[in-house]
Amino acid sequence: MLETLTPIAATGIFQYAWLIIAIPAVVAALLLILGRVTNGFGHWIATLAPIASFVIALVAFVQLLGLPSQSRAVVDPLYTWFASGTWQIDVALLIDPLSILFVLLITGVGSIIHIYSIGYMADDPNRRRFFAYLNLFIAAMLILVLADNYLVLFVGWEGVGLASYLLISFWAERPSAAAAGKKAFVMNRVGDLGLLAAVFTMLAMFGSSSFAAVDAGASQLSLGWATFVGFMLLLAACGKSAQVPLQAWLLDAMEGPTPVSALIHAATMVTAGVYLVVRSGAIFEHTPAAQLGVAIVGTVTLLVGAWIGCSKDDIKKVLAGSTMSQIGYMMLAAGIGPAGYAFAIFHLLTHGFFKANMFLGAGSVMHGTGDDVNMRHFGALRKAMPITFVTFGIGYLAIIGFPFFSGFYSKDHIIEAAFHAQPALGVLALIGAGVTAFYMTRLMLMTFFGDARWVKGVHPHESPAVMWVPLVLLAIGSFIGGMVLNGWIGAWLAPIGAEAGEHASWLPEITWLGVVTLLVVAAGVALGWFVFGRRPVPAVAPDKVSIITTIGRHDLYGDQIIDHGVVQPGLALGRGVALADELGVDPATDGLGWVVQATGNQVRRLQNGYVRTYGVTMAIGVVLIGLALVVSRLV
Amino acid sequence: MMPMEFTAPTLDYLLLLPFLIVLGAACLGILLEAFLPRRVRFVAQAGLSILGLLAGLVALIWRWGSAGRGGADPTAGSASGAVSGDAYWSAQDGASATLMIDGPVQVLWAILFGCALIAVVFYAERHSHGGATAFTPMAAAIPGSNREAQAAQAGLIHSEVFPLTLFSLSGMALLVAANDLLVMFVAVEILSLPLYVMSGLARHRRLASQEAALKYFLLGAAASAILLFGVALLFGYAGGFGYEKLAFALSFRTGGESLLLAGMGLVAVGLLFKIGAVPFQSWVPDVYQGAPTPVTAFMSVCTKVAAVGALLRLFYVGLGGLRWTWQPILAGIAILTIVVGAIVAINQSDVKRVLAYSSIAHAGFVLVPLVGALTIQSGLPAGQIGSVVAVEFYLVAYGLATIGCFTIISLVRAQGREVTKLSAWAGLGRRNPVIGVTMVIFLLSLAGIPLTAGFIGKFLAFAAAWRGGYQWLALVAILGSVIAVYIYVRVIQVMFFQTPADDEDRAEVVQPGMPALIVLALCLIGTLGLFFVPGPLLDVFQAAGSFLIPSGS
């Protein structure tokens, strides 16, 4: 059932595929190295870079369309990275139906967001550096999706993590931004652990980490190893895609500038986990446990994200919760197996449009209200910011799955597929759809309708054209994306292992499940209007709220759990070890090291103690090794 | 049975040439120190050391090519034809060579000489010190005394540090080639004694520096005693000092196992002390902090390379037959070292101490592929990257990044003194973006993040352990590297995202002189270059082959 493509050598435009990555990479390097010289025009070159990459990718896409479906996988070898006898790792690019869609999404949405950023960051003194980081991100993300093996993919994987770290903490003068950046970086490393372990296993088992070799060899993998690799890949995906239990960093990541949230933390980077799972379909095929794990993680996250989305007042955090939730849908689809792959990618693409659209819309709102993010200070913005309102509204209709908007097609497929595979998950996904409708309605009502609750001195106004034109482009994508792709994407992705869907037209088939879904969504919208639309919204968040809201406001206590479960014990352990390690240090310095200001005598006295202690530790070490040797003989 | 007569050893002087050149340059340095007038001494010594090391490298490269073609001594013909380019130098008789100069030794020599060369150039940096060096004007004067102040005023400079370094380096070169327990012990002493003196030469914080030296000496002496005791026990077991004798006894002798195990444990402790593995690491932070920064750079890299080389040969050649016993014990030590190094580093408030603990953690990481023991003897197919190549590459990546970091530390100053307090580094990266970004690259390499050589190093290291059957160790090591990332991110965080407190001495980067710039450029190019094109270097390492195990063992 699962067919794998044997990649063919690159010719024609495909030989220049490396330019797709090289252009933004070179521009990023130029802007960083030349520094202030490029302050005046840097953002223009930086905006042209992803556009140029997009054009090349588009030509490659058209070429790919012209090929017969069985030869739509082109490998463009660049050079041998390192070789070791029978195994070698090449730096090579793989252009196939899956990767080209990602490249188009990254460079397409990326270009639009670059244009938007010209306006959004106009007043920032470090605009050039911002654009350099954005280009760096684009280059790394393209390496991630164009790599033809897992190790090169890992390089891109780390690269996007680094770029994301730099961009989250871009406004480093805010301590919260710096802390958020660090948190994202460290939590992502936990996920990287999984990816590295998976790569090692592949190298040991197949002697190669290339997708082709893994696809071909996966069927020979024992169940135990396949399950191990599957769960390690899932761990990696959880870290990058902010899935439970590694979800906590995404909400903090909203400290970054809003275009960053739109590009990295909604449309592209956070979907890398879904890409990884779909790309590794051959592995998951052989491990039902890991596959089920993916589906469960996705389902739990889609509910957790929605829950968080319901209880936040910060417009960006609502959108962040909703991002987690929507990626949960994609993971759920990916966890269903080949039947869900096309739907996962489909939803990923439509989500890329409507979520980027809404994030940029939120940025536009913030731009007009003096960088406020608290929805309780908004209200009635539909008149002050008509274009933002209309485009945001289209995004809203898309995400709740209003008929004929893009999310309607992609999300319905996932719910339907989930019902077929595992009815329990299907029901939960259906509930998630209702909750999504509820909190998105809340967001719309609190932001654009009702009474104006603007803070004194704030005069909301529409953003400049350089910002609203991108909004319009994305809104168009959010509207028609589903209709355009619906009949096509299943067949297009079939060569990479996805099962072609049966819906072959833009006109959806009417099923009982589709009707039920619509009813649930309508109920969510009605409830949202019932709670938030009928009476004025208090300008200050009420204290007396239900326990459910409280839990949601605290991100389901994700931080606290990690703090008490991991960070505090870790720090305590560190302090303990440090103390044991540096016995004899004046307790007043709290075991933190050398007593710099102490007078010579005191230092000398302390040092005498030191050597003795050190000698004792050595002696203990000798005894321990001796004991270990004795034990090794006894067992 | 053995005739009581002395057989002159057969020496292949050409093969030994690189070692002899370095030793000769060290001796010549002593003469220069005695006879040259004071004002030209520093330049002459620096020049001699640099030329000596370059000549050593040239001789090494020259013999590298010819050793392969010349063909090895037939008695040395290894069991596997896959070993090429090895040569064999024997003393006494063909069955027990005291020194073995084979592929890995040449590679390790190249790493040692290369890193020492970079470190010695770093010694020569004076511009950023206002014409002075990083070393005390008069080591013999009591700290804080008038004599010291007079010496400083007169602009006196200690240039003995150059020959001392070369002596230490020749000990290191001897250590990696030692194929005999006694030679190994002597080599350990040759490398250590100059280091004890060099640690006490710091220009500022004299007391701290002298105490570091004394402490290093006392603990080093204890470690040497332990090592010597172990050597004696192993002699008792094997009836000889040579590694072949040891390997032979392992295969054929029955009984005497307690001698063997105790001896192995004690010798291992002596060498593990040198690389700073837990629980023999306690000297590392104090000595690294107290020693002059260029000396810290030299010893943190070269000592580790030499001692790891010695461990490799001892365990692979001499004690290869006892693999199942030492692998789990070294695995435990590796994990302990990684975890203690990484966790304690998190609470440090001094940059040099952070790097010292990071260096401890790296000692653990480098043990990981060693434990994997993926060699031709343990079934590695010819031409693949095994433990030896992984260790070698790891050491190169670690060496470049570490020397680079210490060079930058020496440039960060307030009122003419190095400032190593982490809090004083706040915002440094934003005030000096070029130095800041360079430091970030070195730190990321130590952390093992892509775009730097450290990533390839860690990858190969963990892969070797994984393929050698130590999957769990590789997993724990990966987890440890995740913790270790936190150390480096913290320094980056302070450098870029913190604003200095008002009452704090604000550290600034001083204008580096030409030597420091050369060092930084070399380390930076190496760190980035070895990520993008590691292939050529790996090919060279692989072609050099693995340890030569003579017939008869």
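Q: What makes A:Ser111 count as buried or exposed?
A: Let's count its surroundings in this predicted model. A:Ser111 has 22 other C-beta atoms within 10 Å, and a residue is buried once 20 or more lie within that distance. The count reaches the cut-off, so A:Ser111 is buried.

Q: Where does A:Ser111 sit, and which residues is it in contact with once neighbours within four places in sequence are left aside?
A: A:Ser111 belongs to helix H3 of chain A, residues 97-120. Its contacts, with those sequence neighbours set aside, are A:Pro50, A:Ile51 and A:Phe54. By contrast, A:Val160 is 49 residues away along the chain, and 17 Å separates its C-alpha atom from that of A:Ser111.

Q: How do you know whether A:Gly293 is buried or exposed?
A: This one is worth a careful look. A:Gly293, found in helix H13 (residues 288-311) of chain A, has 20 C-beta neighbours inside 10 Å. The definition asks for 20 or more, so A:Gly293 counts as buried.

Q: Which residues does A:Gly293 contact beyond four places in sequence?
A: They are A:Phe231 and A:Leu234. A:Leu234 is 59 residues away along the chain, yet the two C-alpha atoms are 7.9 Å apart.

Q: Which peptide bonds join A:Val244 to A:Pro245 and B:Val278 to B:Pro279?
A: Most peptide bonds are trans. The bond between A:Val244 and A:Pro245 is cis, with omega about 10 degrees, and the bond between B:Val278 and B:Pro279 is also cis, with omega about 5 degrees. A:Pro245 lies in the loop between helix H8 (223-241) and helix H9 (248-252) of chain A. B:Pro279 lies in the loop between H9 and H10 of chain B.

Q: What are H10(A) and H15(A) to each other, roughly parallel or antiparallel?
A: The axes of H10(A), residues 258-267, and H15(A), residues 338-368, come within 9 Å and cross at roughly 160 degrees. Angles over 145 degrees count as roughly antiparallel, so H10(A) is roughly antiparallel to H15(A). The crossing is right-handed. Among the residues making the contact are A:Pro259, A:Leu263 and A:Ala266 of H10(A), with A:Gly352, A:Phe359 and A:Met366 of H15(A). By class, the contact has ten nonpolar, four polar and one charged residues.

Q: And what about H3(B) and H14(B), roughly parallel or antiparallel?
A: Their axes are 11 Å apart, at an angle of about 0 degrees. Angles under 35 degrees count as roughly parallel, so H3(B) is roughly parallel to H14(B). The residues in contact include B:Val107, B:Ile111 and B:Phe122 of H3(B) and B:Leu395, B:Gly399 and B:Ile403 of H14(B). The classes here are twelve nonpolar, two polar and one charged.

Q: Which residues touch the most other members of the largest nonpolar core?
A: Of its 447 residues, A:Ile345 and B:Leu112 do. H14(B), residues 387-411, gives the most to this core, with 18 residues. Setting aside neighbours within four places in sequence, A:Ile345 is in contact with A:Leu98, A:Leu101, A:Val278, A:Ile489 and A:Leu493.

Q: How many residues of chain B are in contact with chain A?
A: There are 54, meeting 51 residues of chain A. On the chain B side, H18(B) supplies the largest share, eleven residues. That side has 36 nonpolar, twelve polar and six charged residues.

Note on methods. Residues numbered from 1 in each chain as written. Chains lettered and ligands numbered in written order. Predicted model: local features only at pLDDT ≥ 70, side-chain atom pairs only at ≥ 80, totals over all residues. Contact = placed C-beta atoms within 7 Å. Helix = DSSP H or I, 4+ residues; strand = E, 2+ residues; numbered from the N terminus. Nonpolar A, V, L, I, M, F, W, Y, C, P; charged D, E, K, R; others polar. Axes fitted to C-alpha atoms, helices over the stretch in contact; angles between N-to-C directions. Parallel < 35°, antiparallel > 145°, perpendicular 65-115°, else oblique. Left-handed = near helix turned anticlockwise from the far one by under 90°. Core = buried A, V, L, I, M, F, W, Y, C linked by C-beta atoms within 7 Å. Buried ≥ 20, exposed ≤ 12 C-beta atoms within 10 Å, placed from the backbone.
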